[in-house]
Every structure is written in structure tokens, then in C-alpha cells.
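Please look at the sequence and the model below before reading on.

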Amino acid sequence: MEEDCTFCKIIRGEKSADFLYQDESLVVFKDIRPHAPVHLLIVPRKHIRSMNDLTEQDKEIVLNMILKAKEMAKKEAIADSGYRLVFNVERGGGQYIFHLHLHLLGGW
Ligand code: 5GP
Ligand code: ZN
């Protein structure tokens, strides 16, 4: 946990978010500034700065995130029409929140 991290604050309940799912490993909530009719963020509870900081030990976390994204796409009824899964990596890759997250975008 990082004191000043926005997503850690959301996970700790210090900042509100529209949660759609949560378990011991990750949380899913709506993006505050959606770029698509459905725009969810799949966020591990563990504070990992970006993809660059992933280690072998985090394999299961990332796999869980991808499987949950697939499940949420089905739940949001965008699985058949299609969707995008995006990891922005560091500033040049468009990352602004430095706590690993997977964007699920769809429903156009
Ligand atoms: P990034 O550009 O880092 O990959 O994406 C961060 C995303 O988090 C952005 O799409 C932004 O709209 C979203 N976001 C930033 N702050 C908050 C917040 O406080 N609550 C929620 N729900 N989303 C946020
Ligand atoms: Zn964090």
C-alpha cells in the first residue's frame, strides 16, 4: 500500500468508487472519466507501479486480472460485440495512475 496512491486509497475505502466486483486479489470499478460506454478498471490490491515492475511472483495476479476482465465483459454484455483490454505503461504509454491496472473498454 502506498500512502498517496489514488487506487490504494480507493482500495482502502478512503476514496469512493463505483465497485462492480472485489475479491482478495483484485477490485473492479468504473473509470471516473470513461472513454467508452463501458469503461472498467481491473486493479490488483497489491501496489505494483507499472508493468515494468512485474515479477515472476506476480504472474497469478495478472492472469487473474485478465480472466476477470473477460468475465466482466460477459457480465456487461459486450463480450460478443467485442472490447479492448489495455495496459498503459509509464508516462510515454499514457499511464497517469502509477498502480497497475487493466482497462476494459467496449460497448460502442
Ligand atoms: P492510466 O492513464 O493511468 O492508464 O489510467 C488511469 C485511469 O484512471 C484514467 O482513465 C482515469 O480516468 C481513471 N481515474 C483516475 N482517478 C480516478 C478516480 O479517482 N476514480 C476512478 N474511478 N477512476 C479514476
Ligand atoms: Zn497503489
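In which strand does His-39 lie? His-39 lies in strand 3, which covers residues 38-44; helices (H or I, at least four residues) and strands (E, at least two) are DSSP runs, numbered from the N terminus. The model is a predicted one, in which local features need pLDDT of at least 70, side-chain atom pairs count only at pLDDT 80 or more, and totals for chains, interfaces and linings use all residues. Residues are numbered from 1 along each chain as its sequence is written, chains are lettered from A and ligands numbered from 1 in the order in which they are written, and side-chain values use heavy atoms, with hydrogens and water left out.

**Overall form**

The protein has two helices and five strands, and along the sequence these follow the pattern α-β-β-β-α-β-β. Its radius of gyration is 13 Å, close to the 13 Å that the globule rule gives for 108 residues, so the protein is as compact as a globular protein of that length. This radius is taken over C-alpha atoms, and the globule rule is 2.2 Å times the number of residues to the power 0.38. The C-alpha trace spans about 35 × 30 × 30 Å along its principal axes.

Of the 108 residues, 39% are buried; buried means under 20% relative accessible area, exposed over 50%, and partly exposed in between (1.4 Å probe, protein chains only). Among the contacts (heavy atoms within 4.5 Å) with a separation of 6 or more, 53% are between residues 24 or more positions apart. The protein carries 15 positive and 16 negative side chains, and the centres of the two sets lie 4 Å apart. Here Lys and Arg count as positive and Asp and Glu as negative, while His and the chain ends are not counted; the place of a charge is taken as NZ of Lys, CZ of Arg, CG of Asp or CD of Glu.

**Selected residues**

| Residue | Relative accessible area | Class |
|---|---|---|
| His-39 | 4% | buried |
| Leu-85 | 36% | partly exposed |
| Ala-77 | 65% | exposed |
| Glu-90 | 19% | buried |

Beyond four places in sequence, His-39 touches Lys-30, Asp-31, Arg-33, Pro-34, His-103, Leu-104 and Leu-105. A polar atom of the His-39 side chain also lies 2.9 Å from the backbone nitrogen of His-35.

Leu-85 is placed in strand 4, residues 83-86. Its contacts, not counting residues up to four places away in sequence, are Ala-69, Leu-102, His-103 and Leu-104. The C-alpha atoms of Leu-85 and His-103 are separated by 5.5 Å, although the two residues are 18 apart along the chain.

Ala-77 is in the loop between helix 2 (59-75) and strand 4, and its phi is near 60°, a positive value in a residue other than glycine. Glu-90 is in the loop between strand 4 and strand 5 (102-106), and phi of Glu-90 is likewise near 60°.

Which side chain does that of His-47 join through a polar contact of 3.2 Å? The partner is the side chain of His-99. A polar contact is a pair of N or O atoms within 3.5 Å; within protein, one must be able to donate a hydrogen and the other to accept it, and residues adjacent in sequence count only if both atoms are side-chain atoms. His-47 lies in the loop between strand 3 and helix 2. Leaving aside neighbours within four places, the contacts of His-47 include Met-1, Glu-2, Cys-5, Cys-8 and Phe-98.
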